[in-house]
Amino acid sequence: MRKLLTFIIFIVPLLAYAQSSLTIVELNTENLFDTRHDSLKNDFEFLPDSPRHWTRTKYWEKLNRIGQEIISCGEDSMGWRLPDIVGLCEVENDSVLFDLTKRSLLRKARYEYVMTSSNDERGIDVALLYSPFSFRLIKADTLQVQPLHDMRPTRDILHVEGEMENGDTVHIMLVHAPSRMGGELYSRPFRMHVVSQLCEFIEALRRRQPDAKIIIMGDFNDYSDSPSLRILYAHGFVNVTAKAEGRHGAKGTYRYRGGWGSIDHILVSENLRSNVSHSLIYDAPFLLEEDTKYGGVKPRRNYNGMRYNNGFSDHLPLVLRMVMKE
């Protein structure tokens, strides 16, 4: 397996120019923290002297696990191609992204990255990895979400503009909306507020570029029929992963108390709909483990409670294949 992955990482970038497809991955990495304390953030849970004993060894195991997961998402019935664009949620800082892209198992993929630096109290952010062989970065900026009353500071929205292999320009928006802490009804306005601010930004973009091609992805902490997602549908976006399923038993990207559901989504503007080939939840067997309490399988996360599990994440990745017209 290691030889195969090495072959893929070396060869795929050389083949990228001959491709007309685009592979996009979205993944909540679940607490991808380093082991150093940031004095401005509440990251005490993931330090060497915390109850979790988050050590350098565990940190590097986690980085390599996430790298393995990203590489594996390139699997397809037509062969194997390294993902072109990867949207990540729950990453702590630039040091973590540097280690992931330049020093971990993923290093030979030669990804570049951009990320936010938000006011989130725990210090988690979003980041976009991209292959410079198939995506040319034009610019990246951040939409800072101003909290409502009683709303904790949340993650900023990342906006990336880039050029694809066929010469088209695409705008990518990466979102990690507020959680459901306090209950769905209590927290619903916070998620709707984030999406409403995103739509205001998009409408301003469309005034400047009426035919802008836009991809929105991330962890919305809401389902495809939730009010926050319906706001995006009303603004001309299509949820192309709403019916995505896995091939090994996953019916959603997340499992809670035995029930599958997708709170991760990828949406495209109407003018990109015809470019969509297919989408799926990548649920390779190594990303799953037995659900001993509720039956079936569940994502193999890094901790089960406080017990170290040496896993991946409590979310499964979404994969979107697009065919770009010449």
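I took two strands as paired if DSSP finds at least two bridges between them. Strands (E, at least two residues) and helices (H or I, at least four) are DSSP runs, numbered from the N terminus.

This is a predicted model, so I noted the limits: local features need pLDDT of at least 70, side-chain atom pairs count only at pLDDT 80 or more, and totals for chains, interfaces and linings use all residues. Residues are numbered from 1 along each chain as its sequence is written, and side-chain values use heavy atoms, without hydrogens and water.

Sheet. I looked up strand 7 and found that eight bridges join it to strand 8 (residues 157-164), the two running antiparallel. Lys139 has Glu161 of strand 8 as its bridge partner. I then traced an open sheet of six strands with mixed pairing, in the order 7-8-9-10-14-11. Strand 7 (135-143) and strand 11 (237-239) are its edges, each pairing on one side only.

Rings. I count rings of Phe, Tyr and Trp (its six-membered ring) as a pair if their centres lie within 6.5 Å; planes under 30 degrees apart are stacked, over 60 edge-to-face, the rest tilted. The structure holds nine aromatic pairs. Phe46 and Tyr303 are edge-to-face, because their planes stand at 75°, with the centres 6.5 Å apart. Phe46 is in the loop between strand 1 (21-32) and helix 2 (56-72) and Tyr303 in strand 18 (residues 303-304), so the pair ties together parts 257 residues apart in sequence. Ring pairs link both into a cluster with Phe33, Trp54 and Tyr308.
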